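I opened the model to look up a few local features. My notes follow in the order I made them.

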Amino acid sequence: GRPEGKIVEITLRNPRPVVGRLVSERGVLMLAPEDQRIKHDILIEPGGAGGAQPGQVVSAVIIEPPGWNKPPIARVTEVLGSMDDAGMEIEIAVRKFDVPHRFPDDVLAEADALPDALRPADYRNRVDLRDVALVTIDGEDARDFDDAVYCEAVTDARGRPKGWRLLVAIADVSHYVRPGSPLDAEAQSRTTSVYFPRRVIPMLPEKLSNGLCSINPEVDRLVLVADMVVDTAGEVIAYQFYPAVMHSAARLTYNEVWGILGGDDVAAIERRSALLPRLHELYALYQALEAARKKRGAIEFDTTETKMLCDAQGRITEIVAQSRNDAHRLIEECMLAANTCAADFLVRNKHPGLYRVHEGPSADRLAKLREFLAGAGLSLGNAAQEAKEKRGPRPQDYQILSQRIHGRPDSALLQTMMLRSMQQAVYTPDNQGHFGLAYDAYAHFTSPIRRYPDLIVHRLLRETFAMGTIVAERQERLRSILPEIAEHTSARERIAIEAERETTDMKKIEYMAQFVGDAFDAVISGVTAFGIFCELDNGVEGLVHVSSMVNDYYEYREELYALVGGSTHVS
């Protein structure tokens, strides 16, 4: 009963190379694509194997597209190696998703020409924060450090607590990557760093990402600072942005900070004794920001993050649950505060900007969610009141529902349905707020080493520092180019996420191969017409195809989001 159509014309073919394994059938070389969406047999033209042998993984370009009665013909352009080679799944994903993984010569030349340390001219017109105990707090295996933080208590004239002064210092990438340069063109093309297991494909060359821009300890670094005053209720009541130079007081890790704050890591407490007052003030600030977050109604889901432990050859030895402690959340809240201030600055000054927008649920998705929730004895918000006020549900409604389903055996499935009802966050020059975080305006400011939109926001701030405003002609120019940049960065972000997810899934498949034939407890995390998705405790998810459910004939009931047995009526 669904609409049907047919292709009448091919207007543009995908020029992306095809990655697959070379096979020989009766002396004819063919390519078996790794991309399961490609169903054609691909012939390799005579002499077009490029020295590759059957069984090897190769990248090939289509030189003749398929016709009505003939297969596509390709030529091998790159031999990647054997399927068993360490890291092969990453090599495949990089080419399959067209992730740029080699920097052009002119980009590397521009990066190499940059100095290894700050020059005297770099210090001009900057606030000197080298005597302020700014610290970085990241994971143990982090290599590039975008942000540093500092916090101190603020009191009124009578010495009563008034709140905190929070400094969030972000690497000043815009000082080195100038508009129109080869570095800028490549960063815009890549848009984001891509994070694979045990390998990162950076947006910027290593000279910048791990060196000159990274806030490494014991060296001077250029930064843009969000200098904020936060009251005891967790609300930012004043802020300013300015360029500065800093000297990191320490490179801390999440576990180290949490060990200090919890009083469990005696060695760390002794080692970082000079920083203890600042860390405890940061934690007090976090508690106020967290309370404000809950009051605001920001949506929070229970999710299990996992980490893959690998051996020297890159093969997974174990998948372990990755627990988030309050040190993670502390930094997250500090970054959210800085990002909202950047968005507020753009809005208040009526400047063109690039916002991170997350819209609320669309009407049709919301209707499906509410229909499903009703079957589970749940509800979302007050539909009658919303209709009367001509609005949709608020973030608080999702927050309340999330709290209600906590601990239920079907909570994973309910969370999946709630997430599906919401739209994907995108970059756009039109501020439409962030539904999930319950912000009226939100922008990305805190990660310019690995995200191009953050670099754009930095440049807009720097233009204001220099001129006091952005001149009218420049504003018109920005309004003409920002929509295209927003669309491109959103698209590249989605591609990066797909590439990361597929590679992670491949590593998990490799790991689980040793357990074929074993039985595991699992939670149903999704239902489709062709089967159910189940998730194990270690985060590995797999499909139980409907054809393997042989005890009955199961029919997909979309309104119930369930497979229902025809004779047993079990769902």
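In what sense do strand E20 and E21 pair, and over how many bridges? I found that E20 (residues 531-535) and E21 pair in the antiparallel sense over 5 bridges. Two strands count as paired if DSSP finds at least two bridges between them. Helices (H or I, at least four residues) and strands (E, at least two) are DSSP runs, numbered from the N terminus.

Before going on I noted the basis. This is a predicted model, in which local features need pLDDT of at least 70 and side-chain atom pairs count only at pLDDT 80 or more, while totals for chains, interfaces and linings use all residues. Residues are numbered from 1 along each chain as its sequence is written, and side-chain values use heavy atoms, with hydrogens and water left out.

Sheet. The open sheet has 3 strands in the order E19-E20-E21, with antiparallel pairing. Strand E19 (523-528) and strand E21 (541-545) stand at the edges with a single partner strand each, so one side of each has no neighbour in the sheet. From one strand to the next the twist averages 25° (axes are lines fitted to C-alpha atoms, for helices over the stretch in contact, and angles run from 0 to 180 degrees between N-to-C directions).

I then checked H14 (residues 472-512), which has 41 residues. H14 reaches 59 Å from its first C-alpha to its last, close to the 60 Å expected at 1.5 Å a residue (the expected span is 1.5 Å times one less than the number of residues). H14 bends by about 35° at Ile481, and Pro483 follows within four residues (the bend is the angle between axes fitted to the seven residues ending there and the seven starting there).

Rings. I listed 10 aromatic pairs in the structure. Rings of Phe, Tyr and Trp (its six-membered ring) pair if their centres lie within 6.5 Å; planes under 30 degrees apart count as stacked, over 60 as edge-to-face and the rest as tilted. Phe241 and Phe345 are edge-to-face, 5.9 Å centre to centre with 75° between the planes. Phe241 lies in strand E13 (residues 236-247) and Phe345 in helix H8 (residues 326-348), so the pair ties together parts 104 residues apart in sequence. Both Phe241 and Phe345 are buried (buried is under 20% relative accessible area, exposed over 50%, partly exposed in between; 1.4 Å probe, protein chains only). Tyr239, Phe241, Phe345 and Phe445 form one aromatic cluster.
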